[in-house]
Amino acid sequence: MGTRILIFNVIYYSIILFLINLGWNDPSSSLGYGYFILFFWIVAGIVLAALLYTKVLQPESTLEKIGIFTATPVVCIVIVWLILALK
């Protein structure tokens, strides 16, 4: 996988997991962290689209395309849905 795609994914999931952890540890303010996550998803999506549009990220192989897909909120939403469904 391309280094840039990997760095983007690591930063993306580090921030998402940090915000989820904050919401999990402080349930009284979890709604606020939910808004932060939503805002971050929007910003990360815009940044990812800009990087793809300017050709800074150029996925060539199937693995790189999977890396781009995993940098979208779709995977996070599916995981949260599964966690809530299995409770």
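Of the 87 residues of this chain, 23% count as buried, where buried means under 20% relative accessible area, exposed means over 50%, and partly exposed lies in between, judged with a 1.4 Å probe and protein chains only. The structure is a predicted model, in which local features need pLDDT of at least 70 and side-chain atom pairs count only at pLDDT 80 or more, while totals for chains, interfaces and linings use all residues. Residues are numbered from 1 along each chain as its sequence is written, and side-chain values use heavy atoms, with hydrogens and water left out.

**Overall build**

- The chain has four helices and zero strands, and from the N terminus on its elements run α-α-α-α; helices (H or I, at least four residues) and strands (E, at least two) are DSSP runs, numbered from the N terminus.
- Taken along the principal axes, the C-alpha atoms of the chain fill a box of roughly 45 × 25 × 15 Å.
- The accessible surface of the chain comes to about 6,300 Å², of which 76% belongs to carbon and sulfur atoms; such areas come from the Shrake-Rupley method with a 1.4 Å probe, and for residues only the protein chains shown count as cover.
- Among contacts (heavy atoms within 4.5 Å) between residues at least 6 apart in sequence, 66% join residues at least 24 apart.

- The 23 residues of α1 should span 33 Å at 1.5 Å a residue, and the end C-alpha atoms of α1 are 33 Å apart, which agrees; the expected span is 1.5 Å times one less than the number of residues in the helix.
- The buried residues of α1 are Ile5, Phe8, Asn9, Tyr12, Ile16, Leu19 and Gly23.
- An α-helix has 3.6 residues a turn, so residues three or four places apart point the same way.
- The largest nonpolar core has nine residues, namely Tyr12, Ile16, Leu19, Tyr33, Ile37, Phe40, Trp41, Ala44 and Cys76; a nonpolar core is a set of buried Ala, Val, Leu, Ile, Met, Phe, Trp, Tyr and Cys residues joined through side-chain atoms within 4.5 Å.
- Helices α1 (3-25) and α2 (30-53) each supply at least two residues of this core, and the largest share, five residues, comes from α2.
- A second, separate core of six residues includes Phe8, Leu48, Leu57 and Ala71.
- Not counting residues up to four places away in sequence, Ile16 touches Ile37, Phe40, Trp41 and Cys76.

- Gly32 lies in helix α2 and is partly exposed, with a relative accessible area of 33%.
- Gly32 and Leu19 are 13 residues apart in sequence, and their C-alpha atoms are 9.9 Å apart in space.
- Lys55 is found in the loop between α2 and α3 (62-70), where it counts as exposed at 55% relative accessibility.
- Lys55 has a positive phi of about 65° although it is not a glycine. Most residues other than glycine have a negative phi.

- Phe69, Val74, Val78, Trp81, Leu82 and Leu86 form a nonpolar patch on the surface, with about 640 Å² of accessible area together.
- Patches are made of residues with over 30% relative accessible area and no salt bridge, with like charges joined within 9 Å and nonpolar side chains (Val, Leu, Ile, Met, Phe, Trp, Tyr) within 5 Å; a salt bridge is a side-chain nitrogen of Lys or Arg within 4 Å of a carboxyl oxygen of Asp or Glu.
- Helix α4 (residues 73-86) gives the most to this patch, with five residues.
- Leu86 has its place in helix α4 and counts as exposed at 72% relative accessibility.
- Val74 is also placed in helix α4, but Val74 counts as partly exposed at 39% relative accessibility.
- Val74 and Ala85 are 11 residues apart along the chain, and their C-alpha atoms are separated by 16 Å.
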